[in-house]
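Q: Got a model open here and want a quick walk through it. Can we start with what counts as a contact?

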Amino acid sequence: MKILQSKGIESVTVPLRGHAASGARFFGFGQSDADDVLAAVKWVHDRIPIQGTVGLYGISMGGTAVWFAATGSKDQIDFTISEGAVEDVGGRAGRWLDTPMPYGHAILAPSLVFARLMTGI
């Protein structure tokens, strides 16, 4: 953020659910995180008269969140930069589970169902 500020670019950081200081116990796999990003965009628009371009930047799950947020925005977001975004959250989760435990996606399938119910995706 200091680099952006040194270039005259204002920025706001949104800690994603289950990351850093968010206070959430679960992370949102990008979709519910996008709701938080959109809430932050609304918060900025409600307090500051925006006279420039609004962009979102996210890395990994944050990259997925900015994709979802941009598709859910009402013309408040002009561009996104997404680095290392997770393009297929369900498939990625299954492959990740198979890494530490062979057939982990099958053994832990009930946990994935529960996680989908908790996150809404």
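This is a predicted model: local features need pLDDT of at least 70, side-chain atom pairs count only at pLDDT 80 or more; totals for chains, interfaces and linings use all residues.

Q: OK. Which residues does A69 touch, leaving out those up to four places away in sequence?
A: A69 touches A34, V37, L38, L56 and I77.

Q: And where does A69 sit? Buried or exposed?
A: A69 is in helix α3. Its relative accessibility is 0%. Buried means under 20%, so A69 counts as buried.

Q: What is the C-alpha separation of A69 and T80?
A: Those C-alpha atoms are 9.3 Å apart. Along the chain, A69 and T80 are eleven residues apart.

Q: Now the helices. How do you describe a packed pair?
A: Two packed helices are described by the angle between their axes and the distance between the axes.

Q: So what are the values for α2 and α3?
A: Helix α2 covers residues 31–47 and helix α3 covers residues 61–72. Their axes come within 8 Å and cross at roughly 65°. The crossing is right-handed.

Q: Which residues make that contact?
A: From α2, Q31, D33, A34, V37 and L38. From α3, M61, A65, F68, A69 and G72.

Q: Switching to the surface. Which residues make the nonpolar patch?
A: Y57, I59, F79 and I81 make a nonpolar surface patch of about 410 Å². Strands β1 (55–59) and β2 (79–83) each supply at least two of the patch residues.

Q: Where is F79, and why is it called partly exposed?
A: F79 lies in strand β2. F79 counts as partly exposed because its relative accessibility is 39%. That class runs between the 20% and 50% cut-offs.

Terms used: Residues are numbered from 1 along each chain as its sequence is written. Side-chain values use heavy atoms; hydrogens and water are left out. Patches are made of residues with over 30% relative accessible area and no salt bridge: like charges are joined within 9 Å, nonpolar side chains (Val, Leu, Ile, Met, Phe, Trp, Tyr) within 5 Å. Accessible areas come from the Shrake-Rupley method with a 1.4 Å probe; for residues, only the protein chains shown count as cover. A salt bridge is a side-chain nitrogen of Lys or Arg within 4 Å of a carboxyl oxygen of Asp or Glu. Helices (H or I, at least four residues) and strands (E, at least two) are DSSP runs, numbered from the N terminus. Buried means under 20% relative accessible area, exposed over 50%, partly exposed in between (1.4 Å probe, protein chains only). Axes are lines fitted to C-alpha atoms, for helices over the stretch in contact, and angles run from 0 to 180 degrees between N-to-C directions. A crossing is left-handed if the near helix is turned anticlockwise from the far one by less than a right angle, and right-handed if clockwise. Contact means heavy atoms within 4.5 Å.
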